[in-house]
Amino acid sequence: SIIFDLGGFKGDFASDLFSRSPCKIYIFEPVRDYALIINERFKLNNNIFVYTFGLSHKTEEKYITLDGSGSSIYRNSIYKNVYLPREKVNLVDIFEFIDSKQITEIDLLKINIEGGEYDVIPRLLDTNMINKIKFIQIQFHMLEKNSKYKKELIRKRLMETHTCDY
């Protein structure tokens with residue numbers, strides 16, 4: 001199986017999944033320190049590939065506000081009246097990445113990218129790359145007033161290609 005873990009944080013999802021069933025896992029974590037933790041954790045595992053960039057709807061550099069598992073490019077560096085540090089990160093177009101690696105099928109796409117889901121999923125739908133993905137696990141984040149509306153639009157489009165359980 002081929003698994004994509006978008007928003008790897010410290011690698012717990014990948015570790016739990018791999019312990020149940022060995023597979024190839026591609027982990028994408030744009031925050032340098034977290035990517036280093038994941039690299040160290042899986043350095044002896046030839047089936048887990050760690051990338052120090054995030055996947056998005058286009059290739060670009062952005063600033064990410066660092067807040068542990070809640071780090072996000074969509075959150076201001078002042079959060080709840082507390083200044084949070086920022087880091088410049090790289091994002092890569094998900095379509096271009098999958099195409100460049102000649103991946104023809106992804107068994108599971110896990111997305112927990114603190115707001116980036118609103119860019120990634122439409123890109124997959126618009127390019128028909130969504131048809132190469134068997135299962136998708138998405139954590140939607142409510143970032144603004146219209147987040148719920150955006151989520152419902154994405155769910156409606158996903159129902160054309162996938163069964164939505166939640």
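Trainee: How many bridges join β4 to strand β8, and in which direction do the two run?

Mentor: Happy to, and do keep in mind that this is a predicted model. Three bridges join β4 to β8, which spans residues 86-93, and the two strands run parallel. To find one of these spots on your screen, go to Ser 56: its bridge partner in β8 is Asp 93. Now step back to the sheet, which is open and has three strands in the order β4-β8-β5, with mixed pairing. Its edge strands, each pairing on one side only, are β4 (54-56) and β5 (60-65). From one strand to the next, the twist averages 50 degrees.

From here we can move on to the nonpolar interior. In general, nonpolar side chains of soluble globular proteins tend to be buried together. Here the largest nonpolar core has 27 residues, and Leu 55 is among those with the most contacts inside it, along with Phe 4, Leu 6, Phe 28, Phe 97, Ile 98 and Leu 124. Elements that each supply at least two residues of this core include β1 (2-6), β2 (24-28), α3 (94-100) and α5 (147-158). The largest share, five residues, comes from α4.

Finally, look for a second, separate core of 12 residues, which includes Phe 18, Cys 23, Ile 38 and Leu 108.

Key
Residues are numbered from 1 along each chain as its sequence is written. This is a predicted model: local features need pLDDT of at least 70, side-chain atom pairs count only at pLDDT 80 or more; totals for chains, interfaces and linings use all residues. Side-chain values use heavy atoms; hydrogens and water are left out. A nonpolar core is a set of buried Ala, Val, Leu, Ile, Met, Phe, Trp, Tyr and Cys residues joined through side-chain atoms within 4.5 Å. Buried means under 20% relative accessible area, exposed over 50%, partly exposed in between (1.4 Å probe, protein chains only). Helices (H or I, at least four residues) and strands (E, at least two) are DSSP runs, numbered from the N terminus. Two strands pair if DSSP finds at least two bridges between them. Axes are lines fitted to C-alpha atoms, for helices over the stretch in contact, and angles run from 0 to 180 degrees between N-to-C directions.
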